[in-house]
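Take a first look at the fold below. Which parts hold together on the inside, and how do the rings meet? Keep the sequence beside you as you read.

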Amino acid sequence: MAAGWPAEAKLEEGSDRRRTVRPVHTFDAAWKAMNARLTAIGAQPLTRPEFVGARMYTGPLYRKYNAVLRGVSGTVPVLAKAWSELCGSNRYETTIHVITNALAKLGKVQSAEVLFRAPGGALPKEMSTRNEFNVTGGVELAFMSCTTNRDVRGELGVG
């Protein structure tokens with residue numbers, strides 16, 4: 001089992017990318033505003049666990065949640081090994097469930113936009129070469145972090 005939390009690169013003091021610990025209650029106004037938007041369209045509001053789970057995903061724990069989702073099937077040995085090393089046998093089932101619920105709800109009030117992802121290496125040929133069914137592309141097994149900022153290039157270095 002991996003010891004401790006995923007390591008993070010230390011950011012310089014005063015960096016605008018450095019996170020500040022904020023208690024959950026400091027997000028109450030934003031949470032209530034989002035729930036008002038969801039309720040206005042007839043959707044279920046975000047529960048506190050869904051809100052907290054989604055917030056947890058925005059920090060270093062995303063690595064563990066995505067390692068589980070990519071490696072738990074055991075069909076890709078390198079991904080199964082990464083999950084085992086990072087999480088032991090923990091599947092974070094409840095947390096992943098509430099994050100999934102939160103994303104499903106939040107998607108109902110998100111407008112469609114072009115998104116970009118920092119490059120993480122060469123894409124497999126299946127992403128651009130049609131197969132016998134005339135299909136290209138792939139399926140991401142985990143949550144995927146993206147941005148509307150085309151200039152992100154590799155600077156994020158995260159999931």
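The paragraphs below go from the core to one helix, and then to the aromatic rings.

This is a predicted model, so local features need pLDDT of at least 70 and side-chain atom pairs count only at pLDDT 80 or more, while totals for chains, interfaces and linings use all residues. Residues are numbered from 1 along each chain as its sequence is written, and side-chain values use heavy atoms, with hydrogens and water left out.

Start with the core. In soluble globular proteins, nonpolar side chains tend to be buried together. A nonpolar core here is a set of buried Ala, Val, Leu, Ile, Met, Phe, Trp, Tyr and Cys residues joined through side-chain atoms within 4.5 Å. Buried means under 20% relative accessible area, exposed means over 50%, and partly exposed is in between (1.4 Å probe, protein chains only). The largest nonpolar core has 13 residues. Tyr57, Tyr65, Val68, Cys87, Tyr92 and Ile96 have the most contacts inside it. Helix H3 (62–71), helix H4 (77–87) and helix H5 (93–106) each supply at least two residues of this core. Helices (H or I, at least four residues) and strands (E, at least two) are DSSP runs, numbered from the N terminus. H3 gives the most to this core: four residues.

Now find tyrosine 65. Leaving out residues up to four places away in sequence, tyrosine 65 touches Met56, Tyr57, Tyr92, Thr95, Ile96 and Ile99. Contact means heavy atoms within 4.5 Å.

Next, turn to H4. Which residues of H4 are buried? They are Ala80, Trp83, Leu86 and Cys87. Seen down the axis of H4, these buried residues fall within an arc of 140°, so they line one face of the helix. The arc is that of the directions from the helix axis to the C-beta atoms. An α-helix has 3.6 residues a turn, so residues three or four places apart point the same way. The buried residues of H4 pack against H3. The face turned away from the buried side carries the exposed residues Pro77, Val78 and Lys81. Just after H4, glycine 88 takes a positive phi of about 65°.

Then come the rings. A pair of aromatic rings is described by the distance of the centres and the angle of the planes. Rings of Phe, Tyr and Trp (its six-membered ring) pair if their centres lie within 6.5 Å; planes under 30 degrees apart count as stacked, over 60 as edge-to-face and the rest as tilted. By this rule the count comes to five aromatic pairs. Tryptophan 31 and phenylalanine 51 form a tilted pair, 6.0 Å centre to centre with 35° between the planes. This pair links distant parts of the chain: tryptophan 31 is in helix H1 (residues 28–40) and phenylalanine 51 in helix H2 (residues 48–57), 20 residues apart. Tryptophan 31 is buried, with a relative accessible area of 14%. Phenylalanine 51 also counts as buried, at 14% relative accessibility.

A second pair brings back tyrosine 65. The rings of tyrosine 65 and tyrosine 92 have centres 5.5 Å apart and planes at 75°, so the pair is edge-to-face. Tyrosine 65 lies in helix H3 and tyrosine 92 in the loop between H4 and H5, so the pair ties together parts that are 27 residues apart in sequence. Tyrosine 92 has a positive phi of about 45° although it is not a glycine.
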